[in-house]
Amino acid sequence: MTDPNTTLSPLELGSHDKTYLDANELVINMGPQHPATHGVLRVILRLDGEKVLGLECVIGYLHRGVEKIGEHRTYTMFNPYVDRMDYVAAVSNGLGYCETVEKLLNVEAPPRAQHVRVILTELNRIASHQLWLGTHALDIGAITPLFYTFRDREEILKIYEKYCGARLTTHAFRIGGLQYETYTGFEKEVTNFLTFFRPKIDEYEELLTTNRIWVERTKNVGKISAQDCIALGVSGPVLRASGVKWDLRKAQPYANYKNFDFEIPIGQNGDTYDRYLVRMAEMRQSVRIIQQAVDALPEGPIMAKVPKVMKPAAGEVYHSIEAPKGELGYFIVSDGSTQPYRLRVRPPSFANLQALDAMCRGQLVADVIAVIGTLDIVLGEVDR
Amino acid sequence: MGAIIQYISSYLSSDKTPGAAGNMFWALVYIMLVFGGLSVAVIAMNWLERKILAHMQVRLGPMRVGPHGLLQPIADAIKLLLKEDIMPAEADGFVFWMAPLIVVLAAFTVFVVVPFGPTHAITDMNIGILFMLGVSSLSVLGIVMAGWASNSHYPLIGALRSSAQMVSYEVAMGLAVVSAILMTSLNAEGTGTLSMIGIVKAQLAQHEWFIFKFFPLGLVAFFIFAVAMVAETNRAPFDLAEAESELTAGFHTEYSGFRWSLFFLAEYSAMIAVSSIAVTLWLGGWLRPFPNMLSGTPWDQIFSLFPGVTFLFFAAICFYNTVRMPKHPLFRIQTIGLAGFGVVLGLIGLVLFVPAVSVRVQDIFWFSAKVAGFMYLYIWYRGTFPRYRFDQLMQMGWKVLLPMGLGVLILTASVALLQQKIWHP
């Protein structure tokens, strides 16, 4: 950020005034145990009354050393670990990892596998946005949408469970394609879900989109300009709501997204309301993509020819996909052995969280909650 | 002995409230009845809120403790009483201890003047409505004390929010109340009243509930009050003081166990109290609906059946659900319990059909039914609306409701004057 007003001067945490005589500034510790910090995020707020003067994120409470673990596991063995990062969008994490290793090995998954991958990933995008919507609305005080979204998310999880046995950390994909053929009636069930789900989006919108309080709580809250977004490395719906038409599914097509016809919804103001609208529109676009993928699901093998023991040639590769929360990138350095020499994950939530301070300056405490919700962070991914 | 019986029975022939008649015995009976009834109402409200909210949110709510979770509030009460009572080490002990007491006292004391019927009130003060508004706003003090004494940031912010909110909404609320009181003076003598019973009697005399008076002025005043009363009781969508997602629990973050349950009790009785004010001022208090359109003895008799019919209806719901209970032996006790509950409700309903009883209970029934309608609205709001932000809340109070209240007051006064001087001189 070039603007000196938005760079954060370090908070003086040691100067705790026990007498409360200096009542102008209040330093409040929000989290790591707080109902609205979506896990174990700790935010240190400097307040003037209710106004936020600045804030600092303290992360690392969920650090599990996933990247380091990657250096001690073979490429296949590490695959389930990536599900544990963004645990509400485990399938997307898996897709990103598998495609990166495939790029390293120079193999490509067969078309049928690609199609199934797209279906499952887009379903995952819907599930992730549903969870975001429910918790975001809950943070702002609307308690009912949470139950509506969870009711409908259940249908997606049922499809996952039927496909690969797990609901959350699915480990759905393998390097080179898929382990399992789709079960009988997979297409029909997915289509049924889509017809079931289309009116449900309207139902969510009915509760919120034109709700006066919702609009007042989200319009002009947590505004961020396109330049600031780019400077901070923000990606995904947050970036698009600021008016940047950047979606890796179109910009650097991976899997076989170039075969599908869909639009990139963008916003104009870069505020919380626009981010809400963008994500709602994305759910509709995902429905569109899944419908096309199911209709054109090709026959054929589901696994490419991959060596049993993977020893990619020495070299490095970076590959990124459009996860529900933004650009999810994997950087792998191979030294020719069965294990990566270095594995680095570029999680979208981590980069997006940087924008929290820029978005919250000058706003009220209640807006911090709204902005944390709208950033759609998952701490498992931030801390890794 | 004879003198005592004489003292007790002398009240029965009077048409005043026990307080106004100066009869200590009946005043005590009424106090016990009102506070017993209030406790039952809070317990019922607890269960109903959880159930109704649950059904709005595609879930079942409490189902385990008793049939359909009917015993859940009692289980909760036991849990709260048995819980460890924690006081933060740095807290101001005395103030911390006093705060819930003040809140509860303020919330309960207002029921002294709530008129459940022309004689069914503990007392009838000639400043009844002022007393209610005054005492109920005392609870702010308790909340500020709770926030301050906890010596913690979140409660402090919650208390600040709450006091600012309650003070600013009280202004709009007061203006709405004044316009209703103005309407009471529209009689031949031109004498208004502040007495809660007097206000309802004025509506009876004018053959019009004040919500319909000078349409739409009465309706607007009622609307202002209805919004302000939600803010006054710190309920969704104005529950900033205890905004769970922002301030964990607001002013009562540091409270636990019995002390916390006092805050809970106070919140629900305050809800009932302000709803009672709204019912008394605009919805005709204990008067039955459609007094003009459906007047006459046959209609009176039909309407007097309502209390009994309502209880029989509840009993029927119980029996219907008893039949629908799973047939598994594990559910036998629950099934019997639900049937027993239905029998109790049914018996109460049958007793209410006895003419001598139904005449006396009618007023209480209609008053409670109207208050129950407000309680449902409270739950409905909570299930539907997101939470206002603090500055928006203030804006709404000072920039929307206050001018509206002033406007309604001036218009009501002007129309009333015109009516008295020009149309009916």
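B:Ala3 lies in helix α1 of chain B, which spans residues 2-12. The model described here is predicted. B:Ala3 counts as exposed because 7 C-beta neighbours fall inside 10 Å, and a residue is exposed at 12 or fewer.

- In chain A, three strands make up an open sheet, ordered β1-β2-β3 with antiparallel pairing.
- The edge positions belong to β1 (26-30) and β3 (51-58) of chain A; each has a single partner strand, so one side of each lacks a neighbour in the sheet.
- On average, neighbouring strands of this sheet are turned by 20 degrees against each other, direction ignored.
- Strand β2 of chain A (residues 42-48) is joined to β3(A) by seven bridges, and the two run antiparallel.
- A:Leu45 has A:Leu55 in β3(A) as its bridge partner.

**The helix pair α5(A) and α6(A)**

- Helix α5 (residues 144-164) and helix α6 (residues 186-208) of chain A have axes that come within 10 Å and cross at roughly 170 degrees.
- Angles over 145 degrees count as roughly antiparallel, and α5(A) and α6(A) are therefore roughly antiparallel to each other.
- Residues of α5(A) that make the contact include A:Tyr148, A:Asp152, A:Ile156, A:Ile159 and A:Tyr163.
- On the α6(A) side, the contact residues include A:Phe186, A:Val190, A:Phe193, A:Phe197, A:Lys200 and A:Leu207.
- Sorted by class, the contact between α5(A) and α6(A) holds 13 nonpolar, two polar and five charged residues.

Definitions and conventions:
Residues are numbered from 1 along each chain as its sequence is written. Chains are lettered from A and ligands numbered from 1 in the order in which they are written. This is a predicted model: local features need pLDDT of at least 70, side-chain atom pairs count only at pLDDT 80 or more; totals for chains, interfaces and linings use all residues. Helices (H or I, at least four residues) and strands (E, at least two) are DSSP runs, numbered from the N terminus. A residue is buried if 20 or more other C-beta atoms lie within 10 Å of its own, exposed if 12 or fewer, and partly exposed in between; C-beta atoms are placed from the backbone. Two strands pair if DSSP finds at least two bridges between them. Axes are lines fitted to C-alpha atoms, for helices over the stretch in contact, and angles run from 0 to 180 degrees between N-to-C directions. Angles under 35 degrees count as roughly parallel, over 145 as roughly antiparallel, 65 to 115 as roughly perpendicular and the rest as oblique. Two residues are in contact if their C-beta atoms, placed from the backbone, lie within 7 Å. Ala, Val, Leu, Ile, Met, Phe, Trp, Tyr, Cys and Pro count as nonpolar, Asp, Glu, Lys and Arg as charged, and the others, Gly among them, as polar.
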